[in-house]
Amino acid sequence: HIGLHPLACALLALTTSIILTGGLHEDGLADFFDGIGGGRTLERRLEIMHDSHLGSFGALALVFGVGLRASILTGVFSPDTAALMVIAGATLSRAVLPGLMRWLPPARADGLAAAAGRPEPAHIAVATLIAIVTALATLGFWAAMSAIAAAILAAVIVGVVARRMIGGQTGDALGAAQVIVEIA
């Protein structure tokens, strides 16, 4: 509404979100892709993910993650709709995390995921209910149903990849899941 190009508005919205979360999910996305892209063994993947240096796969994941989200928001027909999509995407993408934490075992015994534990089914239900209500309120019925289906599918894909490639979930895998589900 202030006359900026839609791409600038989308990037400002994403920048605000990243600042508010301390870049935690983007860091997880980068580390996850560095690990699964650069390691040949389970141990090496986990070692790479634990390393704070940014590699090629992580850098590309960040570029594509921000680029895809910005291009999706830029293509929306109104700023109000884009703002509602940001709210719905943020809520849905965080609501899948407790389910992933419950479904997947921690990949390492000493990591953030292991320390966080496995959420109780009641907590998963509350997160799911909040996300569904938010999606319905911001997107309308059919768009919300599409967004929920896309969120579940994306979360399952990330979960399957995490189980296969690193043996379960880590904080980095959860961060990657958040960003990928938000894109979906």
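Which backbone nitrogen does a side-chain oxygen of Thr 170 reach at the start of α9? Keep that in mind as you look through these close-ups of a predicted model, where local features need pLDDT of at least 70, side-chain atom pairs count only at pLDDT 80 or more, and totals for chains, interfaces and linings use all residues. Residues are numbered from 1 along each chain as its sequence is written, and side-chain values use heavy atoms, with hydrogens and water left out.

**View 1. The start of helix α9.** The answer is Asp 172: the Thr 170 oxygen comes to within 3.2 Å of its backbone nitrogen. Helices here are DSSP runs (H or I, at least four residues), numbered from the N terminus.

**View 2. Helix α9 is mostly covered.**

**View 3. Gln 169, in the loop between α8 and α9.** Leaving aside neighbours within four places in sequence, its contacts (heavy atoms within 4.5 Å) include Leu 100, Met 101, Pro 105 and Leu 174.

**View 4. Val 63 on helix α4 (residues 56-74).** Now for something out in the open: Val 63 is exposed, because its relative accessibility is 56%.

Technical notes
Helices (H or I, at least four residues) and strands (E, at least two) are DSSP runs, numbered from the N terminus. Buried means under 20% relative accessible area, exposed over 50%, partly exposed in between (1.4 Å probe, protein chains only). A polar contact is a pair of N or O atoms within 3.5 Å; within protein, one must be able to donate a hydrogen and the other to accept it, and residues adjacent in sequence count only if both atoms are side-chain atoms.
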